[in-house]
Amino acid sequence: MPHPGSFGLLLTLHVLLAIFVIGPLTLVCAAIPRLLRAGPGALPLLRLVARLVRGFGLASLLIVVTGAGMVHQGSFGSVRSFSDSWLLGSLVLWVVACGVCLAVIAPGLSHAVAEIDAGGDARRRLSTVTGGAVLSSACWVVIVALMVVKPGA
C-alpha cells in the first residue's frame, strides 16, 4: 500500500527517527555495565554516555510527535486512533522507557561520574543503572514489535 503526501513523509521521519534515536540509545545502554565496572579509565566515556542517554531520551519525543501526526492524519491502513490497543500500549511503554532513561539511568550515570571524580567506586550504582538500561531496552524492543505486528489492527 503506497503512503502518499504528508502521511508518507511523517512515516518516513518516524521510522528514521526510531532507527537513529532508539538504536543508538539501546546500544549505549548495553555498554553501561562494562563502563561502570571499568572505573576511572572510563570516566570520559561515562560522561559522554550520561549526555547521550539524556539527549536520546529527550529526542525520542520526536518519534512520538511524528507518530501522533500520522494518527492525526486520520484513518490510513492500520493507523486509526490512539485507542487502538497496540498504539496505546506503545505510548505507555514509551513513557516508561523514556522515564527510566531520564529519571534513573542518566542521573545514575551522573552520580557515578561524580563518585569517580571524588575518588570513589561507582560500581555500587551498577545494579540500578543496569536494571534501568535493561528495562528501557526491553520497552523499546516491545514497542518495535507492536509497531510491526499491530495486534488487533
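Q: What makes up the secondary structure of the protein?
A: Four helices and zero strands. From the N terminus on, the order is α-α-α-α. Helices are DSSP runs of H or I with at least four residues, strands are runs of E with at least two, and both are numbered from the N terminus. This is a predicted model, in which local features need pLDDT of at least 70, side-chain atom pairs count only at pLDDT 80 or more, and totals for chains, interfaces and linings use all residues. Residues are numbered from 1 along each chain as its sequence is written, and side-chain values use heavy atoms, leaving out hydrogens and water.

Q: What does the C-alpha trace span along its principal axes?
A: About 55 × 25 × 20 Å.

Q: Why is S60 called buried?
A: Buried means under 20% relative accessible area, exposed means over 50%, and partly exposed is in between (1.4 Å probe, protein chains only). S60 has 0% relative accessibility, so S60 counts as buried. S60 lies in helix α2, residues 43-72. Across the protein, buried residues make up 39% of the 153 residues.

Q: Which residues does S60 touch, not counting residues up to four places away in sequence?
A: V21, I22, W94, C98 and W140. Contact means heavy atoms within 4.5 Å.

Q: What makes the pair of S60 and G57 a polar contact?
A: A polar contact is a pair of N or O atoms within 3.5 Å; within protein, one must be able to donate a hydrogen and the other to accept it, and residues adjacent in sequence count only if both atoms are side-chain atoms. A polar atom of the S60 side chain lies 2.6 Å from the backbone oxygen of G57.

Q: Is S136 buried or exposed?
A: Buried, because its relative accessible area is 0%. S136 is found in helix α4. Its side chain reaches the backbone oxygen of A133 at 3.2 Å. Leaving aside neighbours within four places in sequence, S136 is in contact with C29, A97, V100, C101 and I105.

Q: What makes a set of residues a nonpolar core?
A: Its members are buried Ala, Val, Leu, Ile, Met, Phe, Trp, Tyr and Cys residues, joined through side-chain atoms within 4.5 Å. The largest such core here has 35 residues. Those with the most contacts inside it are I32, L36, V53, I105 and L109. The elements giving two or more residues to this core are α1 (5-38), α2, α3 (85-117) and α4 (126-149). α3 gives the most, with 11 residues.

Q: How do α1 and α3 pack?
A: At an angle of about 35°, with their axes 12 Å apart. Axes are lines fitted to C-alpha atoms, for helices over the stretch in contact, and angles run from 0 to 180 degrees between N-to-C directions. The contact is made by L25, C29, I32 and L36 of α1 and C101, I105, L109 and A112 of α3.

Q: Why is V92 called partly exposed?
A: V92 has 48% relative accessibility, so V92 counts as partly exposed. V92 lies in helix α3.

Q: What is the phi of K150?
A: Near 50°, a positive value in a residue other than glycine. Most residues other than glycine have a negative phi. K150 sits in the segment after α4. K150 is partly exposed, because its relative accessible area is 24%.
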